[in-house]
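Biologist: I am new to this structure. Could you please take me through it?
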Amino acid sequence: MILTFLISLFLLQAPVMPGHDRASEIADQVGNDVEVGNDVEVSNDGEINVSEIIFEHIGDEYEWHITEWKGKPVAIPLPCIVIDKGVKVFTAHHAEEHGYTFNEDGKLVNATTGKRPVDISITKNVLALMMSTALLLVIVLLTARWYRKHDALEEAPTGLAAAMEPLVMMVHDMAKENIGPDYRKFSPYLCMAFLWILLNNFLGIMPFFPGGANLTGNIAITLVLALCTFFTVNFNGTKHYYKEIFAPDVPGFLKPIMPVIEVFSALMKPVSLTIRLFANMLAGHIMIISMVCIIFIMAKYGPLLGGGMTVVSVLFGVFLDALECLVAFIQAYVFTMLSSIYIGLARQKEEE
């Protein structure tokens, strides 16, 4: 998980401009037909820009918008850190003072040359990554502390330990079943991967700080997680595993073809892990935001239709939230189960 944290810190790049107060812009263009919040975008013809809302929520930012208080946005400014003829640190609102601006993708560029510097900024996703990793560390240490002070054979766990035990044992049994006799060597990795994904899936559903960051819906994050499994599999593969890839026992006319197919299959495993987790969590965020947008889209058609669709939107939103909670658990489970299966296949002996 330390590898996940370090690589992700440098892979993540903020794809959108810093948040800004749009309430006055909306009021000028739409009028007083609908009361709107800080996160509603309006196009030039007065229509709500749904795609802009969706991409801003699922994207990264150079600040973390929390709420709006008395018409002013409340946000946590985050440090922009660039390496461009030295290390420069500033906030997004002071980028121009340091010679930087934002391109059409919302990424930092040199205002003079238009080129992107080496950007290692602490963006919203990076901060969420730090906080969720620290939170998981605290949860694990507190659970371990309970077991150090109590005899689990004589006393049933309570509190946090009681909540963690079934999750840990589920992953432990999964590893034992799919990997085989030496499952204990890989059980800690699988357990931490499951808990980290599950925690961040649930934090992503939370609409308030410190939740709301689209971590597991970010392909850079899921790619790093998949690569961790890929390296674990291939660094611990047996001779039989590599023999089946490069010198399989097949008819002679297939021997030149099978290694190519097997190598391609091995490379596709992390790709499938990456896309599956990324696509499912991203789709859930998009569906929930789209249902909320219906309220603002229908508001201009009058109080009767707008009010009716608001009720429908809220009900469907609650349903999608509940569904997303189920998906959050399922995706963490599927990622861990497939990882254990891949490791188990790599640990097979010749006699098996």
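Biologist: What does the chain average in pLDDT?
Modeller: The average is 80, and 86% of the residues score at least 70.

Biologist: Which elements have the lowest and the highest mean pLDDT?
Modeller: Helix 2 (residues 23-30) has the lowest, at 35, whereas helix 7 (residues 219-235) has the highest, at 93. Over residues 1-41, pLDDT stays under 50. Where pLDDT is low, the predicted coordinates should not be read in detail.

Biologist: How many bridges join strand 3 to strand 4?
Modeller: There are 5 bridges between strand 3 (residues 79-83) and strand 4. Ile81 stands opposite Val89 in strand 4.

Biologist: And the rings: how many aromatic pairs are there?
Modeller: The count comes to 10 aromatic pairs. One of them joins Phe230 and Phe231, with ring centres 5.6 Å apart and planes at 65°, so this pair is edge-to-face. Phe231 also pairs with Phe235, and that pair is stacked, with 20° between the planes. Phe231 and Phe235 lie 4 residues apart in helix 7, about one turn of the helix.

Biologist: Is Phe235 buried or exposed?
Modeller: Phe235 is exposed, at 68% relative accessibility. Phe231 is partly exposed at 36%, while Phe230 counts as buried at 19%.

Note on methods: Residues numbered from 1 in each chain as written. Predicted model: local features only at pLDDT ≥ 70, side-chain atom pairs only at ≥ 80, totals over all residues. Heavy atoms only, no water. Pairing = 2+ DSSP bridges. Helix = DSSP H or I, 4+ residues; strand = E, 2+ residues; numbered from the N terminus. pLDDT = per-residue confidence, 0-100. Contact = heavy atoms within 4.5 Å. Phe/Tyr/Trp six-rings, centres within 6.5 Å; stacked < 30°, edge-to-face > 60°. Buried < 20%, exposed > 50% of the residue type's maximum accessible area, 1.4 Å probe, protein only.
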